[in-house]
Structures are given as C-alpha cells and as structure tokens.
Amino acid sequence: MDKSAPKPEHIQQLSIGDNEEDLDPAHLARFQFERAIAWLEGFKDGLIQSLVAPKRTIEVYFPVEMEDGSVQTFHGFRVLHNRVMGPGKGGVRYHPEVDKEEITALATLMTWKCALLDIPFGGAKGGVNCDPKKLTQTELRRITRRFITELGDNIGPNTDIPAPDMYTDAQTMSWIFDTYDILHPGRNNLPVVTGKPLDLGGSLGRPEATGRGCLYATMRYLEKEGIGSSRTLEGSRVVIQGFGNVGMTAAKLFQQAGATIIAVSDSRGGIQQADGIDIEAAARFKEQEGSVVGLPDTLTITNTELLELDCDILIPAALGKQIHCGNAQRIKARLVVEAANGPVTPAADDILTDRGIPVLPDILVNAGGVTVSYFEWVQNFSNERWALDDVNTRLRSKMFDATDLVLTRWHAMRDEEEKAFAAETSAGEIYNVPVSLRTAALAVAIARIANVTLERGIWP
Ligand code: NAD
C-alpha cells in the first residue's frame, strides 16, 4: 500500500486555505475515491481507475409547450455510472442547478451505495435543469413525459431504473411509469421505476425507508461501538437538522427508540427544548404553519447554532456541505450521522475524525431508500405486496449487515495504521488523520465492484 504517493492535483486543490475548501461535487467524489483506493491492494493495474469514469452519459435538449402557449427548451441528463452489479438505479431531480458534473458525482455515489448494501444494481442518476417552483403540474407532467421519451430504451426494468430525488415525487414516478408503459405495451412495466404510489405498485415502507435505515445504522453502530458506556439510543440527546421526509421520520423513530430529541430545524430555523421536543406536535405544527419555528415551549435558534449544540448524536438531514472547515472545530456532538447526502465536507471529516468524533457516512446511513426501492422492484417483478413488517425486517437486516461490514473493515484499517505508525515514523505525515468510517465504507464498496468486474471478466 503506497499512501505516500503524491496527491493528485485535484486533491491538493481541496485545501485552499484554513477556511476555504473546493466544494466542487466532482472533486469531492474523486477525493473520497482516491483516499479509499489507497487501501485497496492486489488489483490489476488500471482496474480500479477504470471505475472512475461513467459508463454512459446521456444529455438531451427538448422543447415543451408551456401553459402560456410559449415553447421552452429544457436540458436533461441521465448518467449510468456502472452496471457490473446489475441495472442502473438512481433518482431523477428537477432543479435549476442540475448539471452534468453534479449528476455524474451522484451517479457514482449510487454505485458505491448499492455495492455497500449488496443490492444488485449499478449507480445512475438523472435530472432536468428547471425551476419546479415556477412550473405548473401540467408543465411538470409534459417535461417528465418528454424527458422519458427522449431517454427511450436507455431506461427499463433491466436497464436503468429511475426513482424520486429533489423536487420529484410519487406523482412524477407515476408519469414516468405511464409514459414508459405506453411506449412498451403488453408486458409488466411496473419495475421500470420505483417510489411509485402504493396503488400503482409502490412498496409499503418506502416513504419512511431512508429515516428508518438511518435509525438501524445508528442502532447497530451503538450496539457495536457505543458512545462512552452507552450502547443504545435510550436516553441519548439527539439534534436533527432538516424536518422533511428523512429528518421528520428519523425524529419520530429515534424518539420511539428512547432518544430525547433536543433540537430540530428546517429552512426557516431551529427549535430547542432541553427536556425533549414532542415530535408529533412539531410535525402537526409544521403542517399548519409551514415551519417548526414557533412551536410553543421551545427556544428559537439558528441552523448554525443548532449544528453546534452539545448532544450525543447530530443528524444532518437537510443539505450538503453543512459541516465544513469553518465550523467543524465547534461541533460538540459525540457522533455525527449523515442522513443527507454529503453534509460533512472532506476537510470537516478530517477535523471531526481527528477530534475523535466518528462520522457515520451517507453511503451507509441513507441507503435505506434505495434498499426499499430494490424491494419494490422485486415485488413488482413477482406481482406481490410484502407486509410492512416484512419490509422493515428485511431493511434492518440489510442495514445491520452493511454497518457490520463497515465496522469490521474500519477496525482492520485502524490496526494496519497502528502497525505502520509503530514501524515507520516517517509515515507520520501520511497517517496524521486516523482512517474514517467513510473511507472504510468506500473501500468495501469499491473492492466489491472491482471483484465482480474481474469475476465477470473484462470484455472481450
Ligand atoms: P425534504 O425536501 O423532504 O426535506 C428537507 C428538509 O430540509 C426540509 O425540512 C427543509 O425545510 C430543510 N432545509 C432546507 N434548507 C435548509 C437549511 N438551509 N437548513 C436547515 N434545514 C433546511 O428532503 P428529504 O427527502 O428529507 O432529503 C433530505 C436529505 O436526505 C437530502 O440531502 C437528500 O438528498 C437526502 N436523501 C434523501 C433520501 C430520501 O429517500 N428522501 C434518500 C437518500 C438521501
């Protein structure tokens, strides 16, 4: 293992200064990849590097007639990063910042996520550059139908399977299914897309799956590693940023598991209550008022203050890049659980790891969503509907197994590090930040893809 090799230019660029970081999504994904593969030995020259580039990138421009009679051109993407484990799987997002680089980075993450959970899918992602807040339902339906038509046979139940992502939902998935079904009549097309409504082949448990997966990964981590002497959620003080699908579900489930939720937030700000927030009341209040801010008997705080609260577990469940080199030193949590995608930047990851604050990484923590999407796909192929308990039991088993794999790999890496420290002091510069759970998770996932690539044999 040569961890003393000079860092590639894009990695050096990540540390621009003490309070500045390169947060380009492609650079971040590449940085994390390079760091993990430094731990992988014994593969053919060039094999691991061949996993960087996406297998296929589709870029389409298409016109849509708007409700005011004008015609607008939209720019859409679908990236299939890797398919050695199975068909592509990944969300479709509608957002004004969608571009090829971001979609490619997200497709790459999906490859590692599916591999880590041992789900027979490759990584994919798609999106249309648009501002859904300014579009009517009719316009969104036309955009979806036209986009899916443009993708043609590049999506399919055994090819590449879309799912919801930012600003797309079960309704969007219904339109995707319907469009594909009209173009491919006479066969079972339900597995072409997941995240569908229940009465159109959706799975029980899918809406809560990401928050529930976050609960299971945290429970398993605590059981194995603990926080201090505590091995369960009972009595732990938890802070959650974001009160949407993932954050609200996690808040409810963590509370049911015995945790005290001392603060939650949304885009308007946060609320704090040292004795614990009544999460059901907060959910009702948000439904009525549009925000948790103002819930009676709570203190209003900012999102910045919320992240820096003294607590046992901090769960960023809103946006990326929330914990960065500017605030990582002030984080007082004893464990950070990444429910959002990329909420901790690489510089912050190093600071937290160095301070002895473990970060349970996103590719593990939020993989519950794609796992139950996989269950939906399996149910659709067999024309079955599994009971909710069945879905949740299977999800727990997948999350526990993946968490165990990450922890086992992490301990092995830490042992290796300690030996290297003892053997060679010159290695100090390279080993100055202890190996993170994220690097361990990525190493498991990348090694699995590399092994399967070799088992299949590189064509021809
Ligand atoms: P959501 O839109 O339902 O909720 C997002 C929440 O974050 C909302 O409460 C919103 O008010 C809040 N928020 C927005 N800006 C904020 C800010 N600046 N500070 C604090 N809070 C802010 O989204 P979601 O589905 O819950 O997804 C949350 C995160 O989890 C995203 O990073 C997403 O990519 C990731 N994720 C979601 C799923 C899933 O199945 N929903 C799966 C994997 C990953």
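Visitor: In what order do the seven strands of the open sheet come?
Guide: This is a predicted model. The order in the sheet is S11-S10-S9-S8-S12-S13-S14. The pairing is mixed.

Visitor: Which strands stand at the edges?
Guide: Strand S11 (299–301) and strand S14 (359–360). Each has a single partner strand, so one side of each is left without a neighbour in the sheet.

Visitor: How many bridges join S8 to S12?
Guide: Four. S8 covers residues 237–241 and S12 covers residues 313–316. The two strands run parallel.

Visitor: And what stands opposite Val 238?
Guide: Ile 313, in S12.

Visitor: Let's zoom out. How many helices and strands does the protein chain have?
Guide: There are 14 helices and 14 strands.

Visitor: How compact is the chain?
Guide: As compact as a globular protein of that length, because its radius of gyration is 22 Å, close to the 23 Å that the globule rule gives for 460 residues. The C-alpha trace spans about 65 × 65 × 45 Å along its principal axes.

Visitor: What share of the residues is buried?
Guide: Buried residues make up 55% of the 460.

Visitor: And the surface, how much of that belongs to carbon and sulfur atoms?
Guide: 48% of about 19800 Å² of accessible surface.

Visitor: Last topic, charges. How many side chains are positive, and how many negative?
Guide: The chain has 47 positive and 62 negative side chains. The centres of the two sets lie 4 Å apart.

Conventions:
Residues are numbered from 1 along each chain as its sequence is written. This is a predicted model: local features need pLDDT of at least 70, side-chain atom pairs count only at pLDDT 80 or more; totals for chains, interfaces and linings use all residues. Side-chain values use heavy atoms; hydrogens and water are left out. Two strands pair if DSSP finds at least two bridges between them. The radius of gyration is taken over C-alpha atoms; the globule rule is 2.2 Å times the number of residues to the power 0.38. Buried means under 20% relative accessible area, exposed over 50%, partly exposed in between (1.4 Å probe, protein chains only). Accessible areas come from the Shrake-Rupley method with a 1.4 Å probe; for residues, only the protein chains shown count as cover. Lys and Arg count as positive and Asp and Glu as negative; His and the chain ends are not counted. The place of a charge is taken as NZ of Lys, CZ of Arg, CG of Asp or CD of Glu.
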